[in-house]
Amino acid sequence: MNTLTASHYRQAFDYISGAVDEVDARRQALERFLAQGLPDVRDEDWKYTRLDHLDTTLLHAPILAVSPARGTPAGSPLLRSDPSAAPAVSGYPGQVLAFANGRLVSAALQSGAVLADSLASHTGALAVKRHLGQVAGESALTQLNAALWQDGAYLHLPADSHPDQALFVVHTAGEADAMLHLRHLVILEAGASAVLVEHYTGTADTPYWNNIVTEIVLGEGARLTHIVLTEESAAATHTSRVAVQQARDSIYHAVSVSLGGRLARREVWVNLGEAGAGCQLDGLFIADARRHVDHHLHVEHAAPHTTSRQTWRGMAAGRGRGIFDARVVVQPGAQKSDALQSSRNLLLSPHAEIDVKPQLEIYNDDVKCGHGATVGQLDEAQVFYLRSRGIDADAARALLLRAFAEEALVLLKGTGLRDWMEPHLAAALPIEMENPA
Amino acid sequence: MLEIRNLHVSIGDKPILAGIDLSVRAGEVHAIMGPNGSGKSTLAQVLAGREGYAVTQGSVRYLDQDLLALTPEARARAGVFLAFQYPLEIPGVANVQLLRTALNSARLARGESELDAMDFLDTVKGKLALLGMDESFLYRAVNEGFSGGEKKRNEILQMAVLEPRLAILDETDSGLDIDALKIVSRGVNALKSPERAMILVTHYQRLLNYIVPDHVHVLAGGRIVRSGGASLALELEDRGYGWLAPEAQEGARP
């Protein structure tokens with residue numbers, strides 16, 4: 001990494017270090033990141049996505065997020081006065097924990113022993129000490145996050161607790177050239193269940209870098225439905241890693257919907273660590289205009305009788321580029337594992353590109369695994385059929401795109417969030433596309 | 001209503017239709033019969049506006065308009081309907097959504113108001129009964145997982161809802177067992193009217209036992225080689241197409 005760029009990260013670190021814990025550990029993480037540098041094409045996992053532009057941008061820590069000193073109640077007048085610190089917290093069908101520019105701007109939520117609050121104000125908690133940093137792994141970007149994170153959501157569900165409403169963690173970014181390193185920690189003790197939604201938005205056309213790490217620990221028999229809706233600003237870079245550690249018989253269901261940002265690279269790492277654990281990683285991306293959307297999934301079957309499912313839909317239009325790179329590893333001891341990957345994609349313009357890379361690595365022979373991937377165009381025979389019924393060409397194409405996206409909404413069945421998601425998706429459909437014919 | 005004059009159509013360099021002349025008046029039912037590869041389905045597709053066919057000569061007038069100059073959707077709104085030989089499956093689009101969008105497109109084109117969901121449902125219920133379909137068909141994805149017979153019935157349901165002026169039924173009898181054939185025929189017969197013309201494209205005479213045509217045309221080698229009344233179909237049933245083949249080959253010669 002060149003000296004100039006390194007100095008930005010050091011400056012950001014110096015800027016925040018007065019207000020955070022574990023400064024030494026953070027400094028070490030920073031040095032490891034600086035030694036490694038940003039990931040590039042030398043890393044096979046980053047074959048399709050370049051972050052070079054981050055090296056040439058004068059990135060800084062978010063200014064508003066540093067003061068006030070820790071301990072100031074969230075929602076203080078200072079924070080409220082920041083116009084960008086007012087994400088629309090209405091319109092969510094559930095409880096909302098709102099963040100702006102990396103900082104909590106709403107009140108904490110507590111109901112009985114169920115807690116949803118700022119992670120920064122709970123670094124002393126036993127569960128946090130035990131799990132924070134233990135799940136995410138040590139990539140360059142998670143190291144940088146470990147060094148520079150200031151806040152994020154902390155969700156803790158005691159054993160057998162079942163909040164009856166979904167929890168929305170909502171983040172709005174509005175500071176130009178800020179780098180935001182949100183850190184979330186989600187702990188579900190044995191038998192607990194919840195629906196968690198992360199929603200990322202930004203001020204239109206503002207460039208910033210959101211580098212998020214979400215660590216999730218699921219106890220025995222715990223069930224988490226985890227929806228992530230990415231609607232970052234059209235000039236934003238979004239990198240994130242969700243890392244999940246699953247105990248026996250726990251179920252993790254993720255639905256990732258990527259609709260915004262100039263560049264989005266989302267990673268989901270799941271460790272099916274104990275028998276009976278299962279995960280379902282579903283998603284939909286729309287890469288239109290000049291957007292670049294890279295999804296990278298990694299599922300580790302580390303115990304017998306574990307199950308994983310992946311159902312993905314992608315659309316690329318304009319000069320958009322979409323990547324679905326998913327690896328499922330079945331370890332030698334993971335007999336009777338069951339893994340299925342499916343990826344269906346629509347290429348809507350001759351200048352768009354979609355790369356699909358499903359990979360199964362199987363190290364024992366007592367498993368059931370399969371994958372399927374397709375990249376196709378809109379079916380002109382279907383378009384003609386609709387036109388022959390009096391529906392004009394554009395409306396016919398829109399109807400077919402909506403139908404394709406509809407399959408992603410079906411994945412939300414049972415969460416009660418379909419009606420919330422639908423208009424977001426409808427607004428993002430690349431309706432005015434070039435006809436590939 | 002429909003005047004086809006000297007219509008020549010090719011796919012790529014290959015001529016398929018080599019000079020079709022056909023007049024269809026309101027209230028008439030025409031059957032177009034012929035062996036496989038005679039160009040029957042091409043004629044149906046060209047009338048509906050399918051891309052990929054080149055009209056190299058001739059004209060098609062429909063209700064005093066140049067039909068070939070219209071987009072497929074404009075033809076549909078002007079009252080042309082094609083029942084597909086192979087109806088498309090459209091996962092993710094509910095039957096009711098297609099029917100209502102299609103009907104409202106036609107209504108707007110006629111200067112009428114759109115039907116809301118309730119009025120539409122009232123309209124469509126009677127048509128469902130006509131074709132022996134229950135209401136659950138409305139909420140299934142268009143043709144997805146339908147049996148062959150259900151797909152054909154669904155085509156006639158669309159026709160019943162859209163009430164076209166000119167209905168072209170492309171091999172609607174193919175793949176139907178006798179019971180399904182009766183249901184489909186009953187539906188089609190119920191839609192006969194003095195204002196509506198129908199063109200039945202079929203390989204076999206069987207359908208014509210149930211839907212009796214006013215005129216029968218035999219298409220071979222891209223031309224109509226024989227026209228007659230309903231009895232011509234019976235003659236074809238007895239003698240096959242072979243006795244017309246020499247004429248067909250002669251006709252196909254440039």
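This is a predicted model: local features need pLDDT of at least 70, side-chain atom pairs count only at pLDDT 80 or more; totals for chains, interfaces and linings use all residues.
Residues are numbered from 1 along each chain as its sequence is written, while chains are lettered from A and ligands numbered from 1 in the order in which they are written. Helices (H or I, at least four residues) and strands (E, at least two) are DSSP runs, numbered from the N terminus.

**Chain A as a whole**

- Chain A holds nine helices and 21 strands.
- Its radius of gyration, taken over C-alpha atoms, is 21 Å, close to the 22 Å from the globule rule for 437 residues, so chain A is as compact as a globular protein of that length; the rule is 2.2 Å times the number of residues to the power 0.38.
- The C-alpha trace of chain A spans about 65 × 50 × 45 Å along its principal axes.
- Among contacts in chain A with a separation of 6 or more, 83% come from residues 24 or more positions apart; two residues are in contact if their C-beta atoms, placed from the backbone, lie within 7 Å.

**Where the chains meet**

- The contact takes 16 residues from chain A and 19 residues from chain B.
- On the side of chain A that touches chain B, helix 7 and helix 8 (393-410) each supply at least two residues, and helix 8 gives the most, with six.
- By class, that side of chain A has eight nonpolar, three polar and five charged residues. Here Ala, Val, Leu, Ile, Met, Phe, Trp, Tyr, Cys and Pro count as nonpolar, Asp, Glu, Lys and Arg as charged, and the others, Gly among them, as polar.
- Y385(A) lies in helix 7 (residues 380-387) of chain A, and leaving aside its neighbours within four places in sequence, Y385(A) is in contact with F84(B) and L88(B).
- Y385(A) is buried, with 25 other C-beta atoms within 10 Å.
- The C-alpha atoms of Y385(A) and A396(A), eleven residues apart along the chain, are separated by 8.9 Å.

**Strands in chain B**

- Strand 1 (residues 2-11) and strand 4 (residues 54-62) of chain B pair in the antiparallel sense over seven bridges.
- Strand 4 of chain B also pairs in the antiparallel sense with strand 5 (residues 65-66), over two bridges, and R61(B) stands opposite D66(B) in strand 5.
- Strands 4 and 5 of chain B form a hairpin with two residues between them, and L63(B) in the turn has a positive phi of about 45°.

**Helices in chain B**

- Helix 1 (residues 40-48) of chain B is mostly covered, with nine of its nine residues buried.
- After helix 1 of chain B comes G49(B), whose phi is positive, near 100°.
- In helix 6 of chain B, G149(B), K152(B), R153(B), I156(B) and A160(B) meet A180(B), I183(B), V184(B), G187(B) and V188(B) in helix 7 of chain B.
- By class, this contact of helix 6 with helix 7 of chain B has six nonpolar, two polar and two charged residues.

Note on methods:
A residue is buried if 20 or more other C-beta atoms lie within 10 Å of its own, exposed if 12 or fewer, and partly exposed in between; C-beta atoms are placed from the backbone. Two strands pair if DSSP finds at least two bridges between them.
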